[in-house]
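Reader: I'm new to this one. Can you put it up and walk me through?

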Amino acid sequence: MKNKVALITGVNGQDGSYLAELLLRKGYVVHGIRRYSSTNSLVNLKEIIKKKKFSKKFHLHYGDITDTDSIYQIIKKSKPTEVYNLAAQSHVHVSFQIPEYTSQVDGVSQLRILEVVKEIDPKIKIYQAATSELYGDTKLKFLDETSGFNPVSPYSVSKLFGFYISKVYRSAYNMFICNGILFNHESPRRGKSFVTRKITSSVVDIVNGSGEILKIGNLNAKRDWGYAKEYVVTMWKMLQQKKPDDYVISTGKQYSVRQFIEESFNYFGIKILWKGKGLNEIGYDKKTKKILVKIDPYYFRPNEVPNLKGNSKKAKKVLGWSPKTDFKELVKIMIKAELDK
Ligand code: NAP
Ligand code: G4F
């Protein structure tokens, strides 16, 4: 293999860390951009840092994707053949609290990267982390590359800019840029403020006798949840094609937040029954009658995306990719990881 060099923004996030491991296994030299943080969160990179043969080919750089000069210096120095732009303020609810900042990180920063690459070496291939949130409030049952977008949060509007500016640079300057429209994907490396990890970590705490109650928002939101470790493979595959293009990555199956909670308790043989309506709804243990789940209005969003389900036929046909891990298995993987901790 020719010397392949990848640069990953957001390398210490969920996807960045899995992608870095994948590329290192494939023989790449991997550079990653990390923000300076007093708490120094490299927990997702511990597998790489502890493996000698990986750590020799893995380089971390301090930088920030809102800072053009740091992007410029890192790309100039690391000379990547592929850039994966995964860095983001990735929390939809938080984007309503810091909308301007979110638009800078999640939208304008992709433009910064495109401009720097165009200036230094327009042959560098670029992956942009687009999202199923672009479809927003939609009536369509299955969503694919031809479905219309209707973003309803500062997060998704910012990602819409990243998506279209990538298409503009692809056609205007003939650059190799792919948008991956990934549906929700989860793992033990997911941040605890996202609903799946919040549920699995709380359920394990409850089962271990913490005495806490899981406080949750919209129980009826439905998502198409896949396994992050499998999804990062598609990012790499997109950049190995002859032509750049955009792809939907999803499982094609949909479950509600309520089902995610039920399945998580089910792992421990606990059956959840529901009682009441709206803000007064509660979930309790069928056997002990103990209340384990309550609604907290804090977790409701100013605008909700009620329903997302993807159709990844194009990815199957062109990339030869299809998901392996189903919903039950994903819940199991996440619960087991919590227990191991
Ligand atoms: P994540 O775990 O939240 O990781 C985001 C990463 O971006 C973190 O490493 C974070 O660093 C970094 N970051 C944030 N702001 C930055 C800045 N200004 N400069 C440099 N780095 C910055 O997200 P993820 O789940 O891995 O998702 C990866 C990408 O895919 C994101 O762009 C997300 O929006 C998109 N996406 C995710 C999903 C999903 O279901 N996971 C679906 C579709 C699209 P810190 O550790 O310092 O915060
Ligand atoms: O886990 P979530 O916060 O993920 P959300 O909003 O779907 O966004 C994630 O997936 C996107 C892809 O579609 C990514 F682009 C984005 O970066 C991120 O990774 O919430 C999922 C659903 C929502 O409908 C939310 O309202 O769960 C509902 N929910 C109910 N209770 C909750 C809670 N969400 C969170 N975070 N916390 C709750 O207590």
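Author: Let's settle some words. Ala, Val, Leu, Ile, Met, Phe, Trp, Tyr, Cys and Pro count as nonpolar, Asp, Glu, Lys and Arg as charged, and the others, Gly among them, as polar. A residue is near a molecule or strand if one of its heavy atoms lies within 4 Å of it. With that, the shell around ligand 1 has eleven nonpolar, eight polar and five charged residues.

Reader: What should I know about the model and the numbering?

Author: This is a predicted model, where local features need pLDDT of at least 70, side-chain atom pairs count only at pLDDT 80 or more, and totals for chains, interfaces and linings use all residues. Residues are numbered from 1 along each chain as its sequence is written, chains are lettered from A and ligands numbered from 1 in the order in which they are written, and side-chain values use heavy atoms, with hydrogens and water left out.

Reader: Back to ligand 1. Which residues are closest?

Author: The closest are Arg35, Asp64, Ser90, Tyr155 and Lys159, out of 24 residues that surround ligand 1.

Reader: Which polar contacts does ligand 1 make?

Author: First the term. A polar contact is a pair of N or O atoms within 3.5 Å; within protein, one must be able to donate a hydrogen and the other to accept it, and residues adjacent in sequence count only if both atoms are side-chain atoms. The side chain of Arg35 has an N or O atom 2.7 Å from an oxygen atom of ligand 1. A polar backbone atom of Ile65 is 3.0 Å from a nitrogen atom of ligand 1. Arg190 places a polar side-chain atom 3.2 Å from a nitrogen atom of ligand 1.

Reader: How much of ligand 1 does the protein bury?

Author: The protein buries 88% of the 900 Å² that ligand 1 exposes when taken alone. Such areas come from the Shrake-Rupley method with a 1.4 Å probe; for residues, only the protein chains shown count as cover.

Reader: Which elements give two or more residues to that shell?

Author: They are α1 (14-25), α6 (99-120), β5 (125-131) and α7 (154-173). β5 gives the largest share, three residues. Helices (H or I, at least four residues) and strands (E, at least two) are DSSP runs, numbered from the N terminus.

Reader: And ligand 2? Which residues come nearest?

Author: Thr131, Ser132, Tyr155, Arg301 and Glu304 come nearest, among 23 residues around ligand 2. Ser132 has a polar side-chain atom 2.6 Å from an oxygen atom of ligand 2. A side-chain N or O atom of Glu304 is 2.7 Å from an oxygen atom of the ligand. For Val195 a polar backbone atom is involved, 2.9 Å from an oxygen atom of ligand 2. Alone, ligand 2 exposes 710 Å², and the protein buries 96% of that.

Reader: New topic. Is Ser95 buried or exposed?

Author: Buried, because its relative accessibility is 0%. Buried means under 20% relative accessible area, exposed over 50%, partly exposed in between (1.4 Å probe, protein chains only). Ser95 sits in helix α5 (residues 92-97).

Reader: What does the side chain of Ser95 reach?

Author: The backbone nitrogen of Tyr155, at 3.0 Å. Not counting residues up to four places away in sequence, Ser95 touches Gln89, Thr102, Ser153, Pro154 and Tyr155. Contact here means heavy atoms within 4.5 Å.

Reader: Where is Gln240?

Author: In the loop between α9 (228-239) and β11 (246-249). Gln240 counts as partly exposed, because its relative accessibility is 26%. Its side chain makes a polar contact with the side chain of Lys4 (2.8 Å). A polar atom of the Gln240 side chain also lies 3.0 Å from the backbone oxygen of Trp236.

Reader: Which residue has a positive phi although it is not a glycine?

Author: Lys79 is one of them, with a phi of about 50°. Lys79 lies in the loop between α4 (68-78) and β4 (82-85). Asn174 is another, at about 60°. Asn174 is found in the loop between α7 and β6 (177-182).

Reader: Last one. How many helices and strands does the protein have?

Author: Twelve helices and 15 strands. Buried residues make up 52% of the 341 residues.
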